[in-house]
Amino acid sequence: VKAALWALQGGTSVVIANGTHPKVTGHVITDIVEGKKVGTFFSEVKPAGPTVEQQTEMARHAGRSLASLHPEQRGEIICCLAELLTEKKDEILSANKRDMEIATASGRFSQALINRLALSTSKLNSLAIGLRQLSVSSRDSVGRVLRRTRVANNLELEQITVPIGVLLVIFESRPDCLPQVSALAIASGNALLLKGGKEAANTNKILHQLTQEALSIHGVADAIQLVSTREEVEDLCRLDKMIDLIIPRGSSQLVREIQRAAKGIPVLGHSEGVCHVYIDSDASIDKAIDIVRDSKCDYPAACNAMETLLIHRDLLRTPIFDQIIDMLRTEHVKIHAGPRFASYLTFSPSEVKSLRTEYGDLECCIEVVDSMQDAVDHIHKYGSSHTDVIVTENEETAEQFLQQVDSACVFWNSSSRFADGYRFGLGAEVGISTARIHARGPVGLEGLLTTKWVLRGEGHTVADFSEQGSMKYLHENIPVPQGNFS
């Protein structure tokens, strides 16, 4: 301590740390030099910018102002952001190009991650369209009355939708996540803290600037904050008194790390996207080929891409099976054989190490099943409750599959890639949830709202309703009014 005081008097900042409990790498000194929150920091130098705690408070304060805006005003902010995405596309794509070049040159990132990092004119146009849809569909979301009850004479109760509070969204690679999540936060009246990966730093910076520019038209620019300091995910997850919901968007490893690190803060996300396509014995050849191709090859890095192809045993060594295999080879998809599939072959592809693998690339597992019920059992055992598909012309079989498979999204004769907030008409999504409480599947505006109860009386007390009291409960339902709560 004396040495620290001596250094401070000389104008040098100091960290006092326990050298026997390194936080991450095993080396306290290097952890501190890298900016990790180890020990206690003493300095007479004022920080260059706000701390993450200060950013969170700023977001919460401005978020309350955002929530109090008229719905049309929040819609104007979202429309302004949509316009900026197209007007400033050259600047956005230039920043994105810098990020792509740095990521590629580093050699530390997989091709799947680099693919998720890339933006294009068409992506920006699609984002803008989705945001405009959201601005219209969100008009009556916040403050919507869900139910009204006349509890007793002159005592009425309402349940209304309200923002959750402060959201923390941690995302890897995909910078298009930033305007999507920002628009949803604006529409739902939530404050937002964003933590993006350093591989997209330049793109995230300009997208956040445009978001704040849009927010500033109604004076709430601080409602959405981008964490640009070297905050570790673990440090952010400790802000349980300041953050109300964490939404991770990225690899299954990232999601699991956040779920472990979050202490007292709910986490909304999915651990893996192990999606299945089951080809039934009554499947159409053309539909099966198109659906498998799109599910696996359209965007293999996405969490809704097919990872396991289940084929009915009766289709082995038939034209439909041969054509599916030929198509996958033409598309350069590496095939791994499940145990049962491998047993049918003299010369088989490499046998899969695990039937619960999210490849995130042009790879997939093929396994053989005896029936639709066998496919359902396989999905329940090895799937991740994300998105699963049946291809069949038998309506009865399809309906059984749709009812029995317990996943967030279950499709008949359509690509798994449709599991997406924009494609579902939500305008945008904060991610896809495989949880069984709160929100499930693509999470749009509704998933970012909670409720509160509003009671209007005239001096009522519970004592009035006791056995000796003068009042009785009515509990009569009242028609829900149109429009917003104010």
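Visitor: Is Arg-417 buried or exposed?
Guide: The model is predicted: local features need pLDDT of at least 70 and side-chain atom pairs count only at pLDDT 80 or more, while totals for chains, interfaces and linings use all residues. Residues are numbered from 1 along each chain as its sequence is written, and side-chain values use heavy atoms, leaving out hydrogens and water. Buried means under 20% relative accessible area, exposed over 50%, and partly exposed in between (1.4 Å probe, protein chains only). Arg-417 has 7% relative accessibility and therefore counts as buried.

Visitor: Which residue forms a salt bridge with Arg-417?
Guide: A salt bridge requires a side-chain nitrogen of Lys or Arg within 4 Å of a carboxyl oxygen of Asp or Glu. For Arg-417, the N to O distance is 2.8 Å, and the partner is Asp-298.

Visitor: How many residues apart in sequence are the parts that this pair ties together?
Guide: Helices (H or I, at least four residues) and strands (E, at least two) are DSSP runs, numbered from the N terminus. Asp-298 lies in the loop between helix H12 (285–297) and strand E10 (306–312). Arg-417 lies in the loop between strand E14 (409–412) and strand E15 (431–433), so the separation is 119 residues.

Visitor: With which Asp does Arg-238 meet in a salt bridge?
Guide: Arg-238 is partly exposed, with a relative accessible area of 48%. Its side chain meets that of Glu-234 in a salt bridge at 3.9 Å, N to O. The Asp partner, at 3.0 Å, N to O, is Asp-235.

Visitor: How many residues does the largest nonpolar core have?
Guide: A nonpolar core is a set of buried Ala, Val, Leu, Ile, Met, Phe, Trp, Tyr and Cys residues joined through side-chain atoms within 4.5 Å. Leu-66 and Leu-192 are among the residues with the most contacts inside the largest core. Helix H8 (residues 177–188) supplies the largest share of this core, 8 residues. The core as a whole has 48 residues.

Visitor: How many residues of strand E6 are buried?
Guide: Ala-191, Leu-193 and Lys-195 point one way from E6, while Leu-192, Leu-194 and Gly-196 point the other way. All of these are buried. For strand E6 (residues 191–196), the count is therefore, by the cut-off of under 20% relative accessible area, 6 of 6.

Visitor: What separates the C-alpha atoms of Glu-351 and Leu-69?
Guide: Glu-351 lies in the loop between helix H14 (339–343) and strand E12 (363–369). Glu-351 and Leu-69 are 282 residues apart along the chain, and their C-alpha atoms are separated by 58 Å.
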